[in-house]
Amino acid sequence: MKRLTVAVAALALVGTMGVAKTLKVGLASGAYTMDPQAFNETATNSILSNIFDTLVRFDENIKVHPDLAESWTNPEPKVWIIKLRKGVKFHNGNAFNADDVVFTFNRIKNWKKSGFKGKVSMIDKVEKIDDYTVKFITKKAFPVFLRKLTYVNMLDKETVEGKSDEWIGLHPIGTGPYKFVLWRKGDQIKFKANPDYWAGKPKFDDLIFRVLSNNATRTAAILSGEVDIINRVPVVDVNRIKSNDKLNTFVKPGLRLIYLQMDQFREKSPYVKTSDGKNPFLDVRVRRALYYGINEDAIIKFIMKGFAAPAAQFHPDVVVGYDPTIKRVKYDPAKAKKLLAQAGYPNGFSVVLDAPNNRYINDAQIAQAVASSLAKIGIKVKVNATPKSSFFPRTAKQDTSFFLIGWASSDGDGSSMLDGVVHSKDDVKGYGRYNNGKYSNADVDRLIEESDANMNPASRVKEMREAQQIAIVKDQSIIPLHYQVDIYASSKKIKFVPRTDSRIWAFDIK
Amino acid sequence: MLKYILNRLFHSAIVMFVISFIVFFIMFKAGDPVQLLLPPDATQQDVIEMRHALGIDQSFIKQYEAFLRNVAKGNLGNSFVYGQPALDVVFERLPATLELSVLAMIFSIIFGVPLGIIASIRPKAWYSKAIMFLSLSGISVPVFWTGMVLVLVFSVLLGWLPSSGRGEVYLFTSAFTWDGIKHLIMPVLTLSFFQLALILRLTRTGMMEVMMQDYIKLATAKGVPRRVVVYYHALKNSLIPLITVIGIQFGQLVAFTIVTETIFAWPGTGKLIIDSIQNLDRPIVVAYLLIISFIFVAINFIVDVLYTFVDPRVRV
């Protein structure tokens, strides 16, 4: 027995000293490319955030922190001077300096296939002042400037310049805490620690991301100890994982709102049938009736199994512009019926609700629940749930009368949804691309445009809230349902930090 | 023979041309991939620019013509999503799928044929009945269920085998390393159950039919040993339908490993094609279907040639 104890102790010692520490992460979806400026999509961004640095970075609660920018000033509304961190090296040994910053921004601006154009579109010019100082000039005063920078990963000019897009897509070289080792597509991505990382050597020597897109497979992998962390824990498996004493579960409120929008611009809408032949959604009383008539508590309880937060407005409370005074109304079918009667539809009407069936958590089931809720107030809803590949192109053409969709305020600022969903569709000014119900209110447009260029945080939020009061409380331009939450499971051997932006940032995991 | 091969090649080329046109047309009609490629906060201007950069703002005829021009140069275009040449993306994933299908097929044949023969010789014996019962479950139990039960037992409960992934890969396959083999066991088993049962039942039926033939009776009457009668005279004559089915089934295995690949997070083409269809990634879908149809055509050809060896009466 004594000998055994000694042996175990010796083994434990070897374990802590010699063996390389590996962090294995099981993800519901993997990266599509290693080019941090190509496809702007959460899973790819999450994985690449471990290789690349940005000028500023979000912490786990989407507050902006310095990263490769050491400090910044905003001497004039349209001018930002950024001081860069000195002594930072790319993984190939090249020094990071102002030339790389200028190059990175210009590549996104000039490359037609970049998905990150929206992050830099307000930047007019990037100039090098000296090796460690960069000047940005924006087209208008641009209060969300720093938040947008969290999406711009710094590339090495010497390495990337002149290389083909295909080459850049396979050879990521950044300044971040981990270096690229290999990418077996659809299987795993392997990184190793960058010992020269400017903020210190990472805790884990190897970082492995595995793609486990099947829910049951992901659960099996964490239960069998093959991975240390999984994201998107299926709600049906949460209790099973909780009952395992080697595992922890984490629930982190996310940024994505699931909502309904309806045709608010056509006199006759293609997928609505009413007694008078008109589009009932043009009447705010009908829109409000839908809001009162949907039993969101039941959706959260029975479909989301409690893993969602009821929503009353465009963004959750961590987002700039959130209005604490806007509260969700109580489910009230009687009041909904009364509103419908006042609008001239005492017997309701029938409508097709379009929804994706492979984009958001339980999207098709939520649509079904909405339909059965609305049936109780006399609105016959036929759910048309289709794959995202057909849903999104259709809604983009407004080939729908009523649809379920989601929006994540990924900048942590309310302007993204106000610009994209609430402002009238305006292709020239670049507003309202996602506003496919075509809600339009001139006052709201004015307030949004003013707040977009207002550098005073307090009066800016006031304008945003004013716009939201009109768009949600007065006009009911959308029907908010709930905010998604992210569920993770991790081994108790590590200290996992879930993040609001849904990324897995290994440097913070101990 | 040469003329036959050339003829077959010509027909295959026509088949693949037609397939490319149909797939191209369906994907063209399916919708605008840029709506999925760009984030929601992109502007309409970004959408227009990206459509132009991908060349999908052109008419169908122009796009298909550009595609054919590229094909002539051996290029099927770049994936919209991955940004890499479509052929590279598919070929990178193909070994994983082929490895799974080939091993599953070999496993099914090695066990299916002998078990089928055993079950055919004494159909009323208890072991024949047991074999037939098991083969019935192999045909009727869904692959998804088999896979999940294997994972539950061998990974979650016993911890003997890894639940997912491909393990160590050496020379395009995981079959040469111990770690790789451990990863292969469950997916190959899952994929073979149905094939094994099918081959077993076909072998049995074929054998029982042949064993009734006059020439078998003659051979037995002449005093040819039982073993020679069964394994030479009878088996050889029951092989033709078996080879046909194995050929078709192998094509099926390559094309439809998707369920098995999903359960075991196996990085093969099945998962790739589903993702690509969902993302409207036309170059990948076209490249994949062309490769798969080429594999089907090749298997058919091999099956035809095999016939001539098994049965000298068959001429190609």
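Helix packing, chain contact and nonpolar core

In chain B, helix H9 (residues 214-222) packs against helix H10 (residues 226-237) at an angle of about 150°, and the axes of the two helices are 11 Å apart. The model in which this pair is described is a predicted one. Angles over 145 degrees count as roughly antiparallel, and H9(B) and H10(B) are therefore roughly antiparallel to each other. The crossing of H9(B) and H10(B) is right-handed. On the side of H9(B), the residues that meet the partner helix are B:Tyr215, B:Ile216, B:Ala219 and B:Thr220. H10(B) contributes B:Val229, B:His233 and B:Ala234. Sorted by class, the contact of H9(B) with H10(B) holds 5 nonpolar and 2 polar residues, with no charged residues.

Read from the N terminus, the elements of chain B accordingly run α-α-α-α-α-α-α-α-α-α-α-α-α-α. Along the principal axes, the C-alpha atoms of chain B fill a box of roughly 85 × 60 × 35 Å. Chain B has 316 residues, of which 39% count as buried. Among contacts in chain B between residues at least 6 apart in sequence, those joining residues at least 24 apart make up 70%.

Chain B also touches chain A. The contact takes 45 residues from chain B and 47 residues from chain A. On the side of chain B, two or more residues each come from helix H2 (34-37), helix H3 (44-54), helix H5 (86-121), helix H7 (143-157), helix H12 (258-263) and helix H13 (269-278). Of these, H3(B) gives the most, with 7 residues. The residues on the side of chain B that touches chain A divide by class into 21 nonpolar, 16 polar and 8 charged.

The largest nonpolar core has 190 residues. Residues with the most contacts inside this core are A:Leu260, A:Leu353, A:Val370, A:Leu404 and A:Val422 from chain A, together with B:Ala287 from chain B. H5(B) supplies the largest share of the core, 12 residues; H5(B) is also among the helices that give two or more residues to the side of chain B touching chain A.

The surroundings of A:Leu353 were examined with its neighbours within four places in sequence left aside. A:Leu353 is then in contact with A:Ala367, A:Val370, A:Ala371, A:Val381, A:Val383, A:Asn384, A:Phe402, A:Phe403 and A:Leu404. Among these partners, A:Val370 and A:Leu404 are themselves listed with the residues that have the most contacts inside the core.

Key
Residues numbered from 1 in each chain as written. Chains lettered and ligands numbered in written order. Predicted model: local features only at pLDDT ≥ 70, side-chain atom pairs only at ≥ 80, totals over all residues. Axes fitted to C-alpha atoms, helices over the stretch in contact; angles between N-to-C directions. Helix = DSSP H or I, 4+ residues; strand = E, 2+ residues; numbered from the N terminus. Parallel < 35°, antiparallel > 145°, perpendicular 65-115°, else oblique. Left-handed = near helix turned anticlockwise from the far one by under 90°. Contact = placed C-beta atoms within 7 Å. Nonpolar A, V, L, I, M, F, W, Y, C, P; charged D, E, K, R; others polar. Core = buried A, V, L, I, M, F, W, Y, C linked by C-beta atoms within 7 Å. Buried ≥ 20, exposed ≤ 12 C-beta atoms within 10 Å, placed from the backbone.
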